[in-house]
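Dear colleague,

Please read the notes with the structure open beside you.

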Amino acid sequence: MEEQKPRDIMVVDDDDEMQTLLQAVLRKDGYRVRGVDGGEAAIGRLGLDAAASKASLPDLIILDIMMAGIDGYTLNARLLADARTRNIPVLVLTARPHMRELFISCANIAVFMEKPFDPHVLRSRVAAVLAKRSN
């Protein structure tokens, strides 16, 4: 039986403590988790700038809405505008639940969760999104 490589998750949040927490929770399930410090860094890491063909794309993006510089809305618009990234599911994690309506019509939004989050709920939702993507 062929061994599967770990699923790759990108966490885009400008809060270092939140990134560390998310990485610790998700690595328990064997995911490869990359923290990215904000929208600008995510654009570079995803290859939405000049290096588009060389970027390694994640299986899931966990995205904060409120970030300095390029916020979650703008980054998500960039994801949707690029053919390589528009189908990557996005889990929006925010302390501002009233913002949900602004994201509800985006086809790539798989899950919308509030901060603070329950680690067990997060892990189950991530597993469900990735299982659905595998099918």
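Helix H2 (residues 39-46) and helix H3 (residues 72-81) pack at an angle of about 20°, with their axes 9 Å apart; axes are lines fitted to C-alpha atoms, for helices over the stretch in contact, and angles run from 0 to 180 degrees between N-to-C directions. H2 and H3 are therefore roughly parallel to each other (a term for angles under 35 degrees). Helices (H or I, at least four residues) and strands (E, at least two) are DSSP runs, numbered from the N terminus. On the H2 side, Gly 39, Ala 42, Ile 43 and Leu 46 make the contact, and on the H3 side Leu 75, Arg 78 and Leu 79 do so, where contact means heavy atoms within 4.5 Å.

This is a predicted model, in which local features need pLDDT of at least 70 and side-chain atom pairs count only at pLDDT 80 or more, whereas totals for chains, interfaces and linings use all residues. Residues are numbered from 1 along each chain as its sequence is written, and side-chain values use heavy atoms, with hydrogens and water left out.

As for the sheet, five strands form an open one in the order E2-E1-E3-E4-E5, with parallel pairing (two strands pair if DSSP finds at least two bridges between them). Its edge strands, each pairing on one side only, are E2 (32-36) and E5 (109-114). Strand E4 (residues 90-94) pairs with E5 over five bridges, and Val 90 has Ile 109 in E5 as its bridge partner. H5 lies across E1, E3, E4 and E5, running at about 175° to E5.

Best wishes

Terms used. Angles under 35 degrees count as roughly parallel, over 145 as roughly antiparallel, 65 to 115 as roughly perpendicular and the rest as oblique.
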